[in-house]
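Here is a brief report on one model.

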Amino acid sequence: MKASDLFIKALENEGVKYIFAVPGEENLDLIESIRTSSIQLVIVRHEQGAGFMAATYGRLTGKAGVCLSTLGPGATNLVTAAAYAQLGAMPMLMITGQKPIKMRKQGKFQIINVVEMMRPLTKFTTQIVDPNHIPHLVRRGFRIAEHERPGAVHLELPEDIASEQAETNIFAVSEVERPIANEAALNHAAEVIAVAKMPLLLIGAGASRKDMAASLKHFVDKTGIPFFNTQMGKGVIDERHPLYMGTAALSDGDYLHCAIKRADLIINVGHDIVEKPPFIMVADGAKVIHLNYFPAQFDEVYFPSIEVVGDIAHSIGRLNELCERQSHWDFRYFEVIKQQIEMHMADGRDDPRCPVLPQRVVDEVRQAMPDDGVLALDNGMYKIWFARNYKAHMPNTVLLDNALATMGAGLPSAIAVKLVYPQRAVVAVCGDGGFMMNSHEVETAVRLKIDLVILVLRDNAYGMIKWKQENMHLADFGLDFTNPDFVLYAQSFGAQGMRVDKAEDIAPSLRHCLQTPGVHLLEVPIDYSENTAYLGEKLACVVANL
């Protein structure tokens with residue numbers, strides 16, 4: 001069998017449905033092999049977008065998403081996506097081409113050491129030097145990418161190897177049973193929970209990678225322990241739950257941090273220190289139970305003394321059996337904080353101004369979205385507002401990146417979401433800065449004939465950095481820019497474009513976009529002028545007195 005055919009057979013064997021790609025001449029044998037396969041080739045407009053799509057596919061399915069590029073500049077364009085998948089624990093396989101390795105006729109043209117470039121950004125990277133190595137390297141790559149902690153892997157397929165003949169067989173796919181936690185560790189954790197006075201449950205990103213929402217909800221309902229989540233743990237338990245305290249969107253100084261600081265025990269499920277810390281440990285502070293697939297990575301802000309290491313679903317199931325509600329637990333202070341949070345979240349929802357306050361944008365989007373609708377957030381100031389104010393009703397319905405936190409991922413991620421969940425409402429939420437970094441993928445969405453809404457929040461600046469600049473009492477300098485006419489820009493790709501001129505028009509415009517087939521861009525001017533007061537000075541004054 002031709003090596004490129006064998007490679008695609010190996011991918012089919014892994015259940016691959018899509019390859020997101022910007023091909024080059026070094027990939028042409030592989031492209032021809034895809035043509036006669038069951039795999040859909042999704043041509044995109046930039047390799048970074050291909051990587052974001054593959055990573056998001058992996059995030060949602062648990063199966064490694066696949067992307068393809070050529071050598072040299074095509075491969076270097078995958079670097080950000082590799083880091084995105086690696087830090088965010090999203091399983092992804094990158095395939096890059098290369099010039100012939102047995103006899104080169106173009107000197108060093110376009111040649112860089114891609115394998116070494118990818119080494120610090122992946123769990124595994126190698127060049128395929130023998131066509132008979134393809135089956136075991138593909139199988140190995142998928143196992144490594146998908147095994148906890150998930151991440152990126154990379155295989156380089158040189159042009160001459162792809163065209164050779166291979167004589168070997170595909171490896172069968174076998175499931176790996178995750179190890180379960182030690183029973184003594186589980187008993188110890190249950191004992192520590194029982195003697196605590198004010199325990200608090202934290203749900204992190206790891207809890208959303210496997211269907212464990214029902215077990216965690218049962219734990220909360222049975223014990224009555226209030227919970228909060230990291231940004232990447234949103235929605236594991238429906239955030240309309242009466243014991244939901246909020247999302248740790250700010251580093252400190254929020255209402256939620258009052259509860260965190262008063263807790264004497266934090267049960268930390270599925271969080272690791274790659275995601276921005278939801279709390280900072282101190283030597284004389286709350287005890288922390290680290291419950292995860294892997295041991296804690298100790299540093300100066302995270303040093304738990306109790307670790308329950310093993311399959312999270314099994315650990316939560318056992319704690320459901322071991323833990324009971326305790327009469328001495330006192331959650332009255334948490335109830336006060338929750339009331340304060342709910343009142344605070346309502347502030348600004350009905351403000352009529354335009355440009356629109358972010359808290360009103362979040363509220364209008366929440367009202368328009370169905371329970372299972374998915375938001376794919378790019379990175380910008382609005383991400384804090386959505387993480388903090390938008391209540392997710394189901395797991396993986398608010399996709400944001402709180403690990404690499406790269407701009408430009410929102411639109412490509414939303415396209416991948418729509419391929420995985422074609423019947424769901426999907427909205428990409430982007431700032432004007434992040435949207436323009438991969439706005440060319442609007443053409444990809446139109447060509448794929450998907451139904452997608454792109455919400456572009458326009459402030460004509462890098463708003464997040466302006467907020468940081470203001471917090472540091474620095475001059476307003478160097479962060480403003482101009483924008484195209486986004487409505488005409490969308491229309492030039494064959495999408496529909498709309499612009500909101502009044503705050504009360506957001507909800508009906510968004511509903512129209514969600515209910516009308518095709519790709520829609522909705523531009524909303526946003527007012528971040530109260531960020532510093534609302535999330536800083538005013539908030540600090542109130543929180544200090546709680």
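Which strands does helix α16 lie across? Helix α16 (residues 410-420) lies across β13 (374-377), β14, β15 and β16. Helix α16 runs at about 175° to β15.

## Basis

This is a predicted model: local features need pLDDT of at least 70, side-chain atom pairs count only at pLDDT 80 or more, and totals for chains, interfaces and linings use all residues. Residues are numbered from 1 along each chain as its sequence is written, and side-chain values use heavy atoms, without hydrogens and water.

Helices (H or I, at least four residues) and strands (E, at least two) are DSSP runs, numbered from the N terminus. Axes are lines fitted to C-alpha atoms, for helices over the stretch in contact; angles run from 0 to 180 degrees between N-to-C directions.

## The sheet

The open sheet has 6 strands, in the order β14-β13-β15-β16-β18-β17, with parallel pairing (at least two DSSP bridges between two strands). Its edge strands, β14 (398-399) and β17 (496-499), each pair on one side only.

Strands β15 (residues 426-431) and β16 (residues 452-458) run parallel, joined by 5 bridges. V429 stands opposite L455 in β16.

## Q48

Q48 sits in helix α3 (residues 47-61). Q48 counts as buried because its relative accessibility is 15%; buried means under 20% relative accessible area, exposed over 50%, partly exposed in between (1.4 Å probe, protein chains only).

Leaving out residues up to four places away in sequence, Q48 touches N77, T80, A81, M407 and N438 (contact: heavy atoms within 4.5 Å).

## Cysteines

The disulfide count is 0 (rule: a pair of cysteine sulfur atoms within 2.5 Å). For C430, the closest cysteine sulfur is in C513, 14 Å away, so it is too far for a bond.

C430 is buried, at 0% relative accessible area. C323 is buried too, at 3%.
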